[in-house]
Amino acid sequence: MALTSLRPCGDYRTSYKADQTIFQTRLTLVFVILAIAALCCTPLFASRYVLSLMIQIGYLGIAALGLNILVGFSGQISIGHAVFFGFGGFASAFLADKGVPVPLAIVLAGLWTTVVGLIFGLPAARVKGLYLAIATLAAQFILQDFFVRAEWFTGGTHGAIAAPFTLFGYDLSGDARYFYVVLFFVVVGYIGATNLMRSRDGRALIAVRDHYLSAEMMGVNLTKYRTMAFGISSFYAGIGGALYAHYVGFMSVEGLDILFSIQFLGMIIIGGLGSIMGSLMGTVFMVLLPEATGWLASALQGSAIDQALHLKDGITYMREMLIGLTIILFLIFEPDGLAHRWRLIKAYWKLYPFSY
Amino acid sequence: MQSQLLLQLIINGLIIGTLYGVVGMCFVLIYKASQVVNFAQGEFLLIGAWTCWWLLTAWNIPFFWGFLIAVCFMMVFGIAVQMIVLRPLIGEPIISVIMVTIGLSIFFQALMKWMFGTFAQPFPPIFPVAQVNILGLQVQTAYLMSTGVSLAIMAGFAWFFKYSRLGLAMRATAFSQQVAQSLGISVRQVFALSWGISAAVSAVAGVVVGIVNGVSSALSYFGIKVFPAVILGGLDSVFGAVVGGLIVGLLENLGQYVDSQYLKWGNLYEIIPFYALIIILMIKPYGLFGTRDIERV
Amino acid sequence: MSLPAASAGAATGVSALLDVQNISLRFGGLKALSDVSFHVRPGELFSIIGPNGAGKTSMLNCISGRYTPSDGRVVFDGRDVTKLKPNRRAEIGIGRTFQNLALFSHMSVLDNIMVGRHHLLKNNFFTGALYWIGGAQKEELEHRRKVEEVIDFLDIQHVRKATAGTLSYGLRKRVELARAVALEPKLILLDEPMAGMNLEEKEDMARYIVDLNEEWGMTIIMIEHDMGVVMDISHRVMVLDFGRKLVEGEPAAVLADPHVRKAYLGEEDLEIEEAAPAAVSA
Amino acid sequence: MAEAALKFEPAAETAPPLLSVDNIEVVYNDVILVLRGLSLKVPKGQIVALLGSNGAGKSTTLKAISGLLRTEDGEITRGDVTFMGERINGIEPDRIVRRGIFQVMEGRRIIADMTCLENLRLGAYTRRDNEVKSDIERVYEYFPRLKERTGLAGYLSGGEQQMLAIGRAIMSRPKLILMDEPSMGLSPLLVKEVFSIIKKLNQDLGVTILLVEQNARVALSVADYGYIMEQGKIVLDGSAEMLATNEDVKEFYLGQGGGEERKSFKNLKSFKRRKRWL
Amino acid sequence: QSINIGHLADYSGGTSDVGQPYGQGIQDTIAWINANGGVNGKKINSDFNEYGYQVPRALAAFKKWVGTDKVVAIQGWGTADTEALVGMVTKEEIPYYSGSYSASLTDPVGKVNAKSERAAPFNFFYGPSYSDAARAMVQWAADDWKKKGKPGKPKWVHMGANHPYPNSPKEAAAEYAKSLGFEVLDPITFALTPGDYTPQCLTLKQSGANYAYLGNTAGSNISVLKACKTAGVDVQFLGNVWGMDENAMKAAGEAANGVVFPVRTAVTWNGSAPGLATAKEISKISDPSGNAYRPVHYLSAICTALYMKEAMEWADKNGGVTGVKIRDGMYQKKDWVPKGMDGVCNPSTWTATDHRPTTRVDLYRSVVTGPTDASVADLVKSGAIKLEKVATIDLPRKTELQGW
Ligand SMILES: Nc1ncnc2c1ncn2[C@@H]1O[C@H](COP(=O)(O)OP(=O)(O)OP(=O)(O)O)[C@@H](O)[C@H]1O
Ligand SMILES: Nc1ncnc2c1ncn2[C@@H]1O[C@H](COP(=O)(O)OP(=O)(O)OP(=O)(O)O)[C@@H](O)[C@H]1O
Ligand SMILES: [Mg+2]
Ligand SMILES: [Mg+2]
């Protein structure tokens, strides 16, 4: 993971403040604002299918960002992210059911999930690396079991109904309106994470990942940061899950399985570990991949190729295989993730034509 | 009555535990050579089982030969997978390689469904006696076979890593591919070998499970089931994988006992290994036999 | 090579900043340190030398908290720190560098050094995420200014934004020093700060260390194998051999000790004899 | 007759060098250009020293030769590395080892979770002869301390690890050893020993050595020939004697500028003169 | 002019063993409808979506259908995705025909009784709900116990994973069993995937249960049946609709012998009924040779698709093919059998207050004699695999039993 700083030359700052901004150039800032503005307009013309994909990318992206903070920034792999996502969903549904206004319920659910994440993060004080990863697998199974058991909380195997999102009595539950809700959380969540990573505790997280022994001797409390990473990651997962629950209106333990957890891992690895925007890029990739292969499959269905090769059902399997294959090929050609390629492209254009 | 049940559960736990141990060793093998946790391990089991099944049913080959061919095929298959997919990733971040194994798992899962259908298929009867009585417990002959084969494989592995030149090379590769290469170790060869052996051994386990339960895609779930066993024993310890397997096998069975007799929780069987896992890791962060990281500055 | 008068004065009257009392350290059968005692006075530049594997690094590890001695006490600034966790020791003023580089290799040089200021910063997860609102920005910028001072001092402005892992060995060592300095420690432990440097760079490094000691007023314990540097800049030297303290004293006296010459420098060494006046040409 | 021919010096001189690096350019991460047209030759049976300041690209040069560059996202974008008449750039590092080039990497890089003995055995990985045992004894003879340390190599002290790294190179019995700062972290006594071992390897076993070393004085004392590099280029080369008497080298690498006395580290000026060859 | 519908199927995910024949049945039937006059001349344009049993993908498919394709009905599949979509389906007013027969989908009003959770006015399925099927098996077990003249209270036990799908009928069956004088034992849990379930079988044996309900899908049920046979457990097994079929019988071999389970159609593929001719026509769509043996799920898929078709026809004649009208179309007939399917599809009735299609359950016993290493078609032909009807249970259609 050779992340070279590829900041272009000829880019001068006159104050430390200017040097510490999120956006390295004014252009980037303008670009980001424009992008958000453009996103705000999408509901006006995009179909609900497109919107729903974007909403999906939104809430999954928030959760993926949480996982990236844990895996990419603090260096602790988790194979149980889906249950924290689920916990957020259940918690928010539960709170809303008890009469808490939904927007507040979502935030509280995030905090509640944080607490749960902290508890399951406790082993991180002692356990490291893949051992820890498999310990999180235990969280996956134990919480899944808990969801089924805790009827008071999750409605048990029946699942729980999540109230629609309303703000000051205004119903925001249709795709077009819910889109803004998700967008809001995404923007806030991503900016928050960016800020976090450039301030004290974010740096400490990365330090712990890169060299925990020396980090400790630089005054960083290992136990605290290792555990807190789980807390933050769960917070994001919880918010993502809560947004999901109120989008669908229903939360069930089914689907919160290890496959889902692995998908989250896929998102951040493909997007780029330790990259905030990478989390979003990876989510886009993982959400669109099955859709894209679906379009391909339906285009093939009944086509000449299909007829000639007698594919029939084969197409559905080929589609799955294509998903697997794309992931494999992608990683072979871009093992450092989308964010890395993105950085290289940016560097290339800024320095063009003097690439070296 | 109850103690009889307990006894039978313990025996069953040990027998299933060896099977977990074998699959666990396949993980350990790949981990030791490359620090990669292979999420496609379950699919290796599956492909091995389907291959053997196909040889037996479509070609009417006697079991012994079919089994042997399947194992050899899987060896070649493992090497091929390594060459095509993992070789380009040598030197890349481990986590990316792990993700690739997840991609492989998705790919082969679908491919197997396409080739062999979605229904579970039974193996033709293989052993003249389908079950054997051990201390009152009826045990499938296939499980006994697997126990025997497993013990042999375990002994082989233990020797391999301790004494052979290649075993050393594998450990060096796992430590750092760069260093290994600087010593003249061909990382490609080491990987090819570990994947080949791992796939071949998985095939053994796959066939056994296939004989007992029929072959179906769901068989690949075994790959994940074995995680706690591997971690309990210590990710890089062959012996640990075996012990871990036995512990998980026993825990499951004892969990079922405690659950059915006293707790009445419902699925202690499934999750008790995970509770045990957390407890053991808190006491021994590197599993029972895993080597600790060197913490020196 | 006599000590400057000021330091010499400091070396007598004032009580010790660091007092290491009868430390022993055991690894299984191996005794890495046996019954070593010494003290370092405020403002002193104290060197530890000794053959490879003598226990020098282990000694630093006992002081900085990486290892807990099996016997003995470490008293820092009048406080028994023997059982204190390493991060707490950093907070009360012990900084260090490492023999094998231990930078945060994926972070920029700037961030590496900022981590050094971890215990001086106050913002947390919450205010950090809010950044503009909770005053985190103000604090970060203030500390950035301090960090820039360190960067200027160590002449690493040009790699400020580079990822630490891609720097060459010598620069990394310098960044490591910067990180330790940013901690604003009272006592700084340097483990072979000049390994892998050529003469010119050693000169630079020596100058930094002397400046830290004299101008920034930091007390320094240094492990170094380059006798020239040790003799020239340290106030006192301790020699370890096989985990035992061989001698301790002023550089010239230590150098003259026959045991030291035998165990460490090599019997018939011309080079060292002339280390003070000049070196033999190749 | 044959012996006489071998001793005939001019013939040896015209013979192609064991290793030659011609005008190579090395780029990291597709964007960072580190070596800018570097050439050097290492004649068979000689010790060649490569000197230069931090970040000049010495380690990069060695990695370019041994092929390890590609494991760090680096690439030779131009030029050739020729070993025994064959072009070896682009070949897998492990193949290069089997051809007889062994690199002692910067920062020791011993295998921490193995014992000393196992590390040494791995050094001999590419060998198939049965003298491995006696070679291990030889290494133990050079570095008796290694024999005492039976635990994992990761727990060795820095200097002990350095000994192990050198021992590993001896175990591989290559034609050419690339040594990256072998004296780093060694006590004065051991520095001397290591260099006498290097000399012995070269003389007794005929191993050719390319030596990157910061301790210029010692390096030039054992080397036959030397190169000095700055910013990815060779700026000066010549026989060891010649370099040792060069005024610039004397001032900046040996610390005896202008023939005066060695300066004390204590009283350096912060505005001292710097020299750059460019 | 055509009618857009969506079709969600699992061919590659966790339930593909039953999802594949069911999905094939739907696909074939739609194609056959189009080839035979469509819906009053209008073609059905079905968008097939294989979602690998993953809820997010089902969600995306649903949005595409309502957003872009403007579908008027959906052929769905699993419990997880169906339940996740209930709210949206209701809001969008799109009839949703699921493969999940969870009783919670049968309450169109919401809270018809204390146990019913929520309203699902646009959810439909064909066949008895999981709960009713389980109740019927309890009923049968009670009769069986009496018939065999055994002494004492019979013991009933629920077996399955602790998941929404296997758990769905757990409570219903337990209550019913208690009311019929059973002793209800603690449920025994086993995962949805194949594995070694010897401990469960030993527990089962030790508990002395007489009737064991297997709530999982076929794959793991096979493991249990085999393990229990090895362990020598003497229990009457009862299977869920998706837990046993011809393929599972073949895979389990003699271990599956004697399992009693509900079959949704009046006949199986090799039975005789006038409607089977139509079914075989439909089957030719994907198997022109006409030799394929179709398992029970295929037949019920045909029925499901044909109900939808006829509801569409009604809608078309009564104001246009819209979601609401199709739903109303479902309410038009009593004891409804789709045209051409006589003797295959069981008469079903949906009303605006009750979406239980039927409370009459046909129970079959699987009979396996001899080895099963041949194709299912051959095994059925040779009689090695047989489905034997054992009883038809008529449960009272009570509101108290609706929705749970
Ligand atoms: N964690 C440990 N476990 C086992 N042995 C250790 C450990 N740390 C140090 N040692 C041993 O203790 C002895 C002293 O090591 P130390 O690193 O202190 O030496 P040193 O004086 O710094 O040597 P060098 O100059 O070579 O760096 C060595 O023999 C080393 O092998
Ligand atoms: N993996 C890498 N990625 C990017 N840049 C690198 C990488 N490795 C080295 N460099 C850069 O290449 C230049 C040369 O580095 P190299 O390690 O070859 O120097 P060196 O001469 O060995 O210095 P030293 O004496 O400090 O070891 C340095 O500027 C360094 O920053
Ligand atoms: Mg040391
Ligand atoms: Mg170097």
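Is Asp111(C) buried, partly exposed or exposed, and what is its relative accessibility?

## Asp111 in chain C

Asp111(C) counts as partly exposed because its relative accessibility is 27%. Buried means under 20% relative accessible area, exposed means over 50%, and partly exposed lies in between (1.4 Å probe, protein chains only). Asp111(C) sits in helix H4 (residues 109–116) of chain C. Helices (H or I, at least four residues) and strands (E, at least two) are DSSP runs, numbered from the N terminus. Lys262(C) is 151 residues away from Asp111(C) along the chain, and their C-alpha atoms are separated by 45 Å.

## Basis of the model

This is a predicted model: local features need pLDDT of at least 70, side-chain atom pairs count only at pLDDT 80 or more, and totals for chains, interfaces and linings use all residues. Residues are numbered from 1 along each chain as its sequence is written, chains are lettered from A and ligands numbered from 1 in the order in which they are written, and side-chain values use heavy atoms, with hydrogens and water left out.

## Nonpolar cores

The largest nonpolar core holds 421 residues. Such a core is a set of buried Ala, Val, Leu, Ile, Met, Phe, Trp, Tyr and Cys residues joined through side-chain atoms within 4.5 Å. Phe143(D), Leu204(E) and Met312(E) have the most contacts inside this core. Helix H1 (residues 2–34) of chain B gives the largest share, 17 residues. A second, separate core has 39 residues, including Ile156(C) and Leu167(C).

Take Met312(E). Beyond its neighbours within four places in sequence, its contacts (heavy atoms within 4.5 Å) include Ile3(E), Val39(E), Val72(E) and Ile326(E).

## Where chain E meets chain B

In this interface, 35 residues of chain E are in contact with 38 residues of chain B. The buried area is about 3,000 Å², and carbon and sulfur atoms give 57% of that. Buried area is the accessible area (1.4 Å probe) that two parts lose on being put together, summed over both. On the chain E side, Asp196(E), Gln206(E) and Thr230(E) lose the most area to chain B, together 21% of what that side buries.

The count between these two chains is 0 salt bridges. A salt bridge is a side-chain nitrogen of Lys or Arg within 4 Å of a carboxyl oxygen of Asp or Glu. Other chains stay apart from chain E. Chain C does not touch chain E, and their nearest C-alpha atoms are 30 Å apart. Chain D does not touch chain E either, with nearest C-alpha atoms 37 Å apart.

## Salt bridges

Over all chains, the count comes to 55 salt bridges. One of them pairs Glu118(D) with Arg171(B), with the closest N and O atoms 3.2 Å apart. Glu118(D) lies in helix H5 (residues 116–123) of chain D and Arg171(B) in helix H6 (residues 165–175) of chain B, so this pair joins two chains. Both Glu118(D) and Arg171(B) are buried.

Within chain E, Asp316(E) forms a salt bridge with Lys42(E), the closest N and O atoms being 2.4 Å apart. Asp316(E) is in helix H11 (residues 296–317), Lys42(E) is in the loop between H1 and strand E2 (43–50), and the two are 274 residues apart. Lys42(E) counts as buried because its relative accessibility is 14%. In chain C, a network of salt bridges links Arg41(C), Glu44(C), Arg236(C), Lys245(C) and Glu248(C).
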